[in-house]
Amino acid sequence: AFAGLPERPPGDASGSVAELRLAMDRVPAEAASLHAFQRRPWPLDLATVPVWRQLAARLELPPAAVLPATSPAAFGTRGCRPAAP
């Protein structure tokens with residue numbers, strides 16, 4: 001399904017291509033670099049992946065929380081709901 005797509009999309013003014021990024025060390029107090037690499041943190045994008053919105057909309061994936069293979073322990077007692085104020 002994705003075989004004919006370019007490796008990186010050209011500039012997209014229509015908004016049909018979004019980018020997903022794996023960003024780390026945006027908040028120094030929560031930085032993984034301190035523990036994983038024993039270095040001072042600096043903001044970093046480890047991966048940027050183009051996502052064609054029209055193709056992504058055709059995917060029919062349920063939330064992980066409702067899959068039979070997902071342990072209830074993975075989401076705690078309140079599930080995915082935010083904590084009450």
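**Figure 1. Three salt bridges in a predicted model.** Welcome to the close-ups: the count of salt bridges here comes to three, and the structure is a predicted model. Side chains of opposite charge can pair when their charged atoms come close. Four residues, Glu19, Arg21, Arg26 and Asp45, are linked in a network of salt bridges. The next views go through this network pair by pair.

**Figure 2. Arg21 and Glu19 form a salt bridge.** How far apart are the closest N and O atoms of Arg21 and Glu19? They are 2.7 Å apart. A salt bridge needs a side-chain nitrogen of Lys or Arg within 4 Å of a carboxyl oxygen of Asp or Glu, so this pair qualifies. Arg21 has 49% relative accessibility and counts as partly exposed. Glu19 is partly exposed too, with a relative accessible area of 35%.

**Figure 3. Arg21 also forms a salt bridge with Asp45.** In this pair, the closest N and O atoms are 3.5 Å apart. The pair links distant parts of the chain: Arg21 sits in strand S1, while Asp45 sits in strand S2 (residues 44–52), 24 residues apart.

**Figure 4. Arg26 forms a salt bridge with Asp45.** Here the closest N and O atoms come to 2.4 Å apart. Once again, distant parts of the chain are linked: Arg26 belongs to the loop between S1 and H1, Asp45 belongs to strand S2, and 19 residues separate them. Arg26 is partly exposed, with 46% relative accessible area.

**Figure 5. Leu22 lies in strand S1.** This strand spans residues 17–24. Which residues does Leu22 contact, leaving aside its neighbours within four places in sequence? They are Leu44, Asp45, Leu46 and Ala47. Take Leu46 as an example: Leu22 and Leu46 are 24 residues apart in sequence, yet their C-alpha atoms are 5.5 Å apart in space.

**Figure 6. The whole chain puts the close-ups in context.** Two helices and two strands make up the elements of the protein chain, and along the sequence they follow the pattern β-α-β-α. Of its 85 residues, 11% count as buried. The chain exposes about 7,300 Å², and carbon and sulfur atoms supply 61% of that area. Among contacts with a separation of 6 or more, 48% come from residues 24 or more positions apart.

**Figure 7. Confidence along the predicted chain.** The protein chain averages a pLDDT of 77, and 81% of the residues score at least 70. Which element has the highest mean pLDDT? Helix H2 (residues 53–57) does, at 86, while H1 has the lowest mean among the elements, at 81.

Note on methods:
Residues are numbered from 1 along each chain as its sequence is written. This is a predicted model: local features need pLDDT of at least 70, side-chain atom pairs count only at pLDDT 80 or more; totals for chains, interfaces and linings use all residues. Side-chain values use heavy atoms; hydrogens and water are left out. Helices (H or I, at least four residues) and strands (E, at least two) are DSSP runs, numbered from the N terminus. Buried means under 20% relative accessible area, exposed over 50%, partly exposed in between (1.4 Å probe, protein chains only). Contact means heavy atoms within 4.5 Å. Accessible areas come from the Shrake-Rupley method with a 1.4 Å probe; for residues, only the protein chains shown count as cover. pLDDT is the predictor's confidence in each residue, from 0 to 100.
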